[in-house]
Amino acid sequence: MKALLVEDEKQLSEALIQILKKNKYTVDGVYNGEDGLDYALTGIYDVIILDIMLPKLSGLEILKRIRQENISTPVIMLTAKGEISDKIRGLDCGADDYLPKPFSTEELLARLRALARRKGEVIKDETLSFEDFSLNLSTYLLEGEKNSIKLTAKEVEILKYFLLRPGRVVNKENLLVKIWGYESEAENNNLEVYISFLRKKFQYIGTKAKISTLRGVGYKLEA
């Protein structure tokens, strides 16, 4: 899962990022509200952990703005404010959960798992299918009607992103950031190389599905 952490206490932020990474999250951390809003508006995250008291722009304002843009990413409000009225404000603005400081990291991780289940992206059998092929997320095995082949970790990440959005246009820039992260030096050429690899493997396994290019926009997985 890809998480965005918007927290201005750098020591706490760095500790949380390390904990999340150890639990197999990909994390982007920012320290003020303006950057938090810019990152959140990309819509590429599976969950946002958002402090209320932030410099430049409050967490509540960020939450209002992303909901106005119809971004439904689950949000946990992480704040020192623990009164009922503050919780109500956060929930009324569109928060999915509310965790006052101080908190245990075990509770935060449990709440993140609960949000993932609610969002429906936990796959019990660890297999995703589309048309006449399937991808096993544990073994990295891509299976079609004719053959099967093992994918690389990066190929699995990319194909999983498509499989969770079948038939929908996937923006190239969002996919690039989703897979490589904001801090990466990866460019469009990197993505195009991996898309080419996946297309060749689609041919090998004999699937009728394809990854189409929409010039100037992105890609689409379709029959």
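Residues are numbered from 1 along each chain as its sequence is written, and side-chain values use heavy atoms, with hydrogens and water left out. Because the model is predicted, local features need pLDDT of at least 70 and side-chain atom pairs count only at pLDDT 80 or more, while totals for chains, interfaces and linings use all residues.

Q: How many residues of strand β1 are buried?
A: Helices (H or I, at least four residues) and strands (E, at least two) are DSSP runs, numbered from the N terminus. Buried means under 20% relative accessible area, exposed over 50%, and partly exposed in between, with a 1.4 Å probe and protein chains only. Both faces of β1 are covered, with K2, L4 and V6 on one side and A3 and L5 on the other. Strand β1 (residues 2–6) is largely enclosed by the rest of the structure, so the count of buried residues is 5 of the 5.

Q: What is the handedness of the crossover from β1 to β2?
A: Two strands pair if DSSP finds at least two bridges between them; β1 and β2 (residues 26–30) run parallel and are joined by 5 bridges. The chain passes from β1 through helix α1 (residues 10–22) to β2. A crossover is right-handed if, with the strands pointing away from the viewer, the path from the first strand over the helix to the second runs clockwise. This β-α-β crossover is right-handed.

Q: Which residue of β3 is the bridge partner of V6?
A: Strand β3 (residues 47–51) runs parallel to β1, and 4 bridges join the two. In β3, the partner of V6 is L50.

Q: What arc do the buried residues of helix α3 cover?
A: In α3 (residues 59–68), the buried residues are G59, L60, I62, L63 and I66. The arc is that of the directions from the helix axis to the C-beta atoms. These residues lie on the same side of α3, because their arc is only 160°.

Q: Is K201 buried or exposed?
A: K201 lies in helix α8. Leaving aside neighbours within four places in sequence, K201 is in contact (heavy atoms within 4.5 Å) with L142, I149, K150, L151 and E155. Its relative accessibility is 17%, so K201 counts as buried.

Q: What is the angle between the planes of F133 and F202?
A: Rings of Phe, Tyr and Trp (its six-membered ring) pair if their centres lie within 6.5 Å; planes under 30 degrees apart count as stacked, over 60 as edge-to-face and the rest as tilted. F133 in strand β7 and F202 in helix α8 are 69 residues apart, and both are buried. Their rings are 5.0 Å centre to centre and the pair is tilted, with an angle of 45°.

Q: What kind of pair do Y194 and F197 form?
A: Both lie in helix α8, 3 residues apart. Y194 is partly exposed at 23%, and F197 is partly exposed at 36%. The ring centres are 5.7 Å apart and the planes are at 80°, so the pair is edge-to-face.
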